[in-house]
Structure formats: structure tokens, C-alpha cells
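User: I have a structure open and would like to go through it with you, piece by piece. Could you take my questions as they come?

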Amino acid sequence: APQPGVSRLRAKVIDFFTGRRLYEFHDLSPQALLAAAARIRRFRPRIVSGYPSVLGDLAWACRDAGVHLRDAGVSLVHTQSEMLMDLQRVAIAELFGDVPVLNEYGGVEVGAMAYGCPAGNLHISHEHVFLETVDDAGVPSPPDIAGRILLTPLRARAMPLIRYDVGALGALSKVPCTCGR
């Protein structure tokens, strides 16, 4: 395993060349969240990416303190790794000046599998994964009925997964999305 100092140095080099800044949030106190808001304002990123729970807490801590980041230069917020709740989406968008909040559904085994659209739905990346939902007996779930999510990544050459149960529930819809996709 790499030494912590080497890992930190590697991250700093990547940050320097990509213009990225990574922040870990182990402390979600209002003071720590307001300090993060100050860092965002100083750095002026075009894109902010993070867990919906952390970004939601950031938005609510800022709202409670009368702080906003509408002037921080952010044009897109990308959420990942957790379910994005509507109340989080609204708070996050308001914090940054009603910017789009792009939600991504993915897993460590496959990577990104679906992306949010302006209508608030998730669209599966069919070119990367075959995703299906089944009931407890393994029978395909009808449209709009929640079932266990099974996935088959289409680009996993080192370790193919077939009908892998990710331990999550979801429902597939046959209704065309209002966004046009």
C-alpha cells in the first residue's frame, strides 16, 4: 500500500495539473461546513461534486448562517454515491444560485450507470450496463414496480459480472421522459 505521504503528494500533483481540489468531510459541524463554503468561494470552481448528504448539509449550514455561494462561479453541481432527495436538490441549487444539479447513479463495481436529466429522472447508460429489476423470486418486475436491481456491465473484461445484485431497489419506467431522451 502506498504511504500516506506519497498518496497526499500524488493527489496534490493531480490537483495542480487538473485544477481540481479534493476535500474530505469527516467533520460536518456548521463551522467546518462554513469553512468549506469559504474555500469554495476562494477557489471559484466551475463544478462542485460530492455526496448529496454533505452538499445538502453545506447548503443548510450556509442558509442558517445567511451565507450564499451564488457569486462563487459554480455552474454545475454533480452528486454521486447516494440517493439525491428533492429537498437536497433544491437546497443545493439555491446555495449556488439555481445552478443545475446533475445526479449520477453508479456503483464501485461498474462505475456510472445512469445520469439525471432536467426532468428529474435517471437515464441508464445502456452502452455501459444492462440493468434490470426483479422481485424476490428473480422474476422481472413490471414497469414502475420496484424490484432488486441486477446489473451486467458491458465493459468489465477483467472480472465479468452477470446479473449482479447490487443490493439496491429501483423501478424501470416505460413512459417516455419529458426531457426527450
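User: How exposed is R163?

Analyst: R163 counts as partly exposed because its relative accessibility is 40%, where buried means under 20% relative accessible area, exposed means over 50%, and partly exposed is what lies in between, with a 1.4 Å probe and protein chains only. This is a predicted model, in which local features need pLDDT of at least 70 and side-chain atom pairs count only at pLDDT 80 or more, while totals for chains, interfaces and linings use all residues. Residues are numbered from 1 along each chain as its sequence is written, and side-chain values use heavy atoms, with hydrogens and water left out.

User: Which residue forms a salt bridge with R163?

Analyst: That is E132, with the closest N and O atoms 3.0 Å apart; a salt bridge here is a side-chain nitrogen of Lys or Arg within 4 Å of a carboxyl oxygen of Asp or Glu. E132 lies in strand 6 (residues 129-134) and R163 in the loop between strand 7 (147-153) and strand 8 (164-170), so the pair ties together parts that are 31 residues apart in sequence. Helices (H or I, at least four residues) and strands (E, at least two) are DSSP runs, numbered from the N terminus.

User: And E132, buried or exposed?

Analyst: E132 counts as buried, because its relative accessibility is 14%.

User: How many salt bridges are there in the whole structure?

Analyst: A search of the whole structure gives five salt bridges. One of the pairs is D64 with R63, whose closest N and O atoms are 3.2 Å apart, and both D64 and R63 are exposed.

User: What are the overall charge numbers?

Analyst: The protein has 19 positive and 18 negative side chains, and the centres of the two sets lie 10 Å apart. Lys and Arg count as positive and Asp and Glu as negative, while His and the chain ends are not counted; the place of a charge is taken as NZ of Lys, CZ of Arg, CG of Asp or CD of Glu.

User: Changing topic, where is H123, and what does it touch?

Analyst: H123 is placed in strand 5 (residues 122-124) and, because its relative accessibility is 11%, counts as buried. Not counting residues up to four places away in sequence, H123 touches M113, A114, Y115, C117, C177, C179 and R181, a contact being heavy atoms within 4.5 Å.

User: And L102, which residues is that in contact with?

Analyst: Leaving aside neighbours within four places in sequence, L102 is in contact with L76, V77, H78, T79, Y115 and G116. L102 lies in strand 3 (residues 101-107) and is partly exposed, with a relative accessible area of 26%.

User: Which residues of helix 4 are buried, and what do they pack against?

Analyst: In helix 4 (residues 86-95) the buried residues are Q88, A91, I92, A93 and L95, and the buried residues of this helix pack against helix 3 (52-65), strand 2 (76-79) and strand 3. In general, an α-helix has 3.6 residues a turn, so residues three or four places apart point the same way. Just after helix 4, G97 takes a positive phi of about 90°.

User: How many aromatic pairs are there?

Analyst: The count comes to one aromatic pair, under a rule in which rings of Phe, Tyr and Trp (its six-membered ring) pair if their centres lie within 6.5 Å, with planes under 30 degrees apart counted as stacked, over 60 as edge-to-face and the rest as tilted. The rings of F16 and F17 have centres 5.1 Å apart and planes at 85°, so this pair is edge-to-face.

User: Last one, what is the overall pattern of helices and strands?

Analyst: There are four helices and eight strands, and read along the sequence they follow the pattern α-α-β-α-β-α-β-β-β-β-β-β. Buried residues make up 31% of the 181 residues in the protein.
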